[in-house]
Amino acid sequence: MAKQKKNNSLSLPGPRGVAFECVTRALDGGADAQAVLDNALTAANLDGRDRGFVTEILYGYLRMRMRLQNVLSCFLSRPDGLPVPVLRVLGMAAYEILHMDVPAYASVDWGVDSAKRLSKGKLGGLANAVLRKVARLAEDGADEDFFRRNTDSDIEFLSAFYSCPEWIVELWLDSYGRDRAEQYLEAQICPPAAGFVLNTADKKAKAAAMQLLEEEDYIASDGQAFAFYSGYWPEAFKGLKESVTRQSYAAREALSVLDPQEWPTPVWDGCSGRGGKSKFLHSLKISPIIASDPHKRRLAALKREVPSVASFRASAINPPLAKESIGTGLLDVPCSGLGVLSRRPDTKFKRTPEDMDSLVRLQAKILDNAWQTIRKGGRLAYITCTLNPDENERQVAAFLKRHKDATPLKEWTTPPDSELREFFYSALIEKK
């Protein structure tokens, strides 16, 4: 009963209230932001415009959270002394004011009313004063010089302006140098490209693909998959609901550069998830493919979406496969996810430097055990969605040092200036 009363006291009305609830669950409850959003939009009776509004506030706030906190701290004597929900409301209202095409008075009114509701009337005046100062900042609140004036060091400036924890900033500066690190930092505060795959076995979908190729209104395409700027939905997709699926183009690219058409078979997709990679391999007429994943729900989705691929429930750490029975092992391993912060901005608040060592050990174990299943002349494809040399280049280098029968064939990383704004690493190794 007491718990129910507490939940009601934190509820806020309208689409902004839905966004506030999503932010709270993603940050305090540890839930995946996209899963939280999907559930909230399904439960709430919102029209298309409000659904887009909720999505924009949720992802925009998560991407810019640290920058917004820096702005608010300029007008609050003790920001850490405010209740977290009130500080969060101020941040969300500040995001609307500084980064969205919303009348400032509407954002200020919502922020003040919400702060009053959450503090039982105590902090409405403070919220009003702070948000009006944010509104007077106008474009200065997104200007680089504003953050240089209000930070004490270069690392602190980069962390505040690019809204990224200092340990990630330092990792990228040390690993990639200033210019490349800033490209990654800039990309992770922008929406990622929208990726779609057309089932070109369908005549209408194939015609749509041809039309899109002629229009050239895309960021990238391989003829079947397309990447567009965020929020774009081509007219050619109308009526193709069953023949169009969403898939990260950057993820597909990381697999495609390893020339899977030339892989020895059978191919084992050892961390298959919902089967996006298996589906891509199947579209290339690679056969046979077997797939495994430890999660029952993902496997169910894989069986539903790629029924022709044999699948079984298992962890890639200890694959139940006979020694030297596999032509090619595909390992899209668990990683820190620092390359896809634009799509999963909540990750930067959930990962810690302490996570890195355990992930590196887990990846090494998966690689070593999978290697035993690969026959001579076979291959191992290694993929991550992170920007951390320990999980990428150094991980593969250490593997090659441990296994004298391993020969590197290819190593690739998404270019830092990619407009896809997601970054993957992939490597292909052959067994002598």
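**Reading a predicted chain**

Guide: Gln247 lies in the loop that joins strand E4 (244-246) to helix H13 (249-256). Helices (H or I, at least four residues) and strands (E, at least two) are DSSP runs, numbered from the N terminus. This is a predicted model, in which local features need pLDDT of at least 70 and side-chain atom pairs count only at pLDDT 80 or more, while totals for chains, interfaces and linings use all residues. Residues are numbered from 1 along each chain as its sequence is written, and side-chain values use heavy atoms, with hydrogens and water left out.

Visitor: Which residues is Gln247 in contact with, leaving aside its neighbours within four places in sequence?

Guide: Contact means heavy atoms within 4.5 Å. With those neighbours set aside, Gln247 touches Gly195, Phe196, Val197, Arg252, Gly276 and Lys277.

Visitor: Is Thr265 buried, partly exposed or exposed?

Guide: Buried means under 20% relative accessible area, exposed over 50%, and partly exposed in between (1.4 Å probe, protein chains only). Thr265 has 29% relative accessibility, so it counts as partly exposed. Thr265 belongs to the loop between H13 and strand E5 (267-269). Beyond its neighbours within four places in sequence, Thr265 has contacts with Ile286, Ser287, Pro288, Gly327 and Arg375.

Visitor: How many disulfides does the structure hold?

Guide: A disulfide is a pair of cysteine sulfur atoms within 2.5 Å. The structure holds zero disulfides.

Visitor: How many helices and strands does the chain have?

Guide: The chain has 18 helices and 11 strands. Its radius of gyration is 24 Å, close to the 22 Å that the globule rule gives for 432 residues, so the chain is as compact as a globular protein of that length. That radius is taken over C-alpha atoms, and the rule is 2.2 Å times the number of residues to the power 0.38. Buried residues make up 50% of the 432 residues.
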